[in-house]
Amino acid sequence: MYEVEPLGYINTCFPEKFGIPRQSLLSPSAKGQLLLLPPYNDSDCVDGLEHVSHLWLTFLFHQHIDQGWKSKVRPPRLGGNKKLGVFTTRSSFRPNHLGLSVVKLDKVDVNNGQVVLYLSGVDLLDGTPVVDIKPYVPYVDCVTDAANAIAGQPPLLLDVTFSAQADSFCEGYSENEKLRQLLTEVLRQDPRPAYQKNDESRTYKMRILDVDVDWRCRMINEECVLEVVSIDYVVSAN
């Protein structure tokens with residue numbers, strides 16, 4: 001048996017799975033910090049990495065390991081009704097539970113025996129174990145004539161609005177533009193389950209950064225607009 005151990009764990013703005021972008025780089029404001037563990041927290045391991053703009057991260061879908069894998073899955077991109085083979089998708093219910101994401105490298109910080117990679121465009125759950133890091137190489141990794149008939153076009157982006165309360169909260173948040181932009185980038189991709197689309201009676205709850213967010217769909221001229229209804233700080237269980 002070949003064992004894989006984490007190089008480190010990533011801290012992200014996504015404390016829960018609901019709302020995480022379905023692909024990396026779709027939300028540029030989604031930040032993460034990858035703290036490398038010993039013996040990988042050695043400056044030699046990241047020597048020259050500051051010359052790289054993007055990285056491939058191989059990680060574990062750690063919350064799905066005890067749920068096993070499936071030969072056929074229901075991709076959200078196809079409405080959640082049609083099944084495809086697991087190797088045709090990027091589903092987390094896969095053998096070995098390995099994921100792969102391209103992220104932007106903002107900074108390499110080597111200080112006092114710690115190595116931290118500051119990243120953006122992340123689509124990983126907070127606390128995800130990362131098992132490999134590789135540089136993105138544009139001339140080979142960007143295949144200009146690649147085709148995927150299942151996901152040939154980017155998802156349709158929805159308009160996002162903020163209620164008076166949500167707007168006021170963002171204005172008073174310590175990094176107000178960061179919160180507003182992050183919520184807009186995440187929600188415009190429409191994280192709702194396919195079977196609940198265009199249900200104006202339903203309010204969704206999402207936790208992001210250190211806040212709880214309530215939002216809903218409003219139909220305007222037969223088009224769905226996602227409205228952030230309210231935002232409040234997470235209340236500690238203690």
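The questions below concern a predicted model and the reasons behind some of the terms used for it.

Q: Why is the protein called as compact as a globular protein of its length?
A: The protein holds 3 helices and 12 strands. Its radius of gyration is 19 Å, close to the 18 Å that the globule rule gives for 238 residues, so the description applies. Along the principal axes, the C-alpha trace spans about 55 × 45 × 40 Å.

Q: What share of the residues of the protein count as buried, and what share of the contacts with a separation of 6 or more comes from residues 24 or more positions apart?
A: Buried residues make up 37% of the 238. Residues 24 or more positions apart account for 68% of those contacts.

Q: Why does V234 count as partly exposed?
A: The relative accessibility of V234 is 31%. Buried means under 20% and exposed over 50%, so a value in between is partly exposed. V234 lies in the segment after β12 (223-233).

Q: Which residues does V234 contact, leaving aside its neighbours within four places in sequence?
A: V234 is in contact with R207, D210, V211 and D212.

Q: Which residues of strand β10 make up its covered face, and which its uncovered one?
A: In β10 (residues 203-208), Y204, M206 and I208 form the covered face. T203, K205 and R207 form the uncovered face.

Q: What makes the side chains of strand β2 alternate?
A: The term describes where they point. Within residues 31-36, G32, L34 and L36 point to one face and are buried.

Q: Which strands does β2 pair with?
A: β2 pairs in the antiparallel sense with strand β1 (residues 8-12) over 5 bridges. It also pairs in the antiparallel sense with strand β7 (residues 114-120), again over 5 bridges. I10 has L34 in β2 as its bridge partner, and L35 has V116 in β7.

Q: What is the omega of the cis peptide bond that joins P38 and P39?
A: Omega is about 5° for this bond. P39 is in the loop between β2 and β3 (54-60).

Q: Why is L25 partly exposed but N96 exposed?
A: L25 has a relative accessibility of 38%, whereas N96 has a relative accessible area of 62%. L25 sits in the loop between β1 and β2, and N96 in the loop between β5 (84-85) and β6 (98-111). Neither residue is glycine, yet phi is positive: about 70° in L25 and near 70° in N96.

Q: What lines the second largest pocket, and how do its lining residues divide?
A: The lining consists of Y2, E3, V4, L60, I65, N96, H97 and L98. These residues divide into 5 nonpolar, 2 polar and 1 charged. About 180 Å³ of space lies in this pocket.

How values were computed: Residues numbered from 1 in each chain as written. Predicted model: local features only at pLDDT ≥ 70, side-chain atom pairs only at ≥ 80, totals over all residues. Heavy atoms only, no water. 1 Å grid on protein atoms, 1.4 Å probe; cavity = no way out; pocket = protein on both sides within 12 Å on 5 of 7 lines; lining within 4 Å. Points joined across faces, edges and corners; volume = space filled by probe spheres on them. Nonpolar A, V, L, I, M, F, W, Y, C, P; charged D, E, K, R; others polar. Buried < 20%, exposed > 50% of the residue type's maximum accessible area, 1.4 Å probe, protein only. Helix = DSSP H or I, 4+ residues; strand = E, 2+ residues; numbered from the N terminus. Contact = heavy atoms within 4.5 Å. Rg over C-alpha atoms; globule rule 2.2 N^0.38 Å. Pairing = 2+ DSSP bridges.
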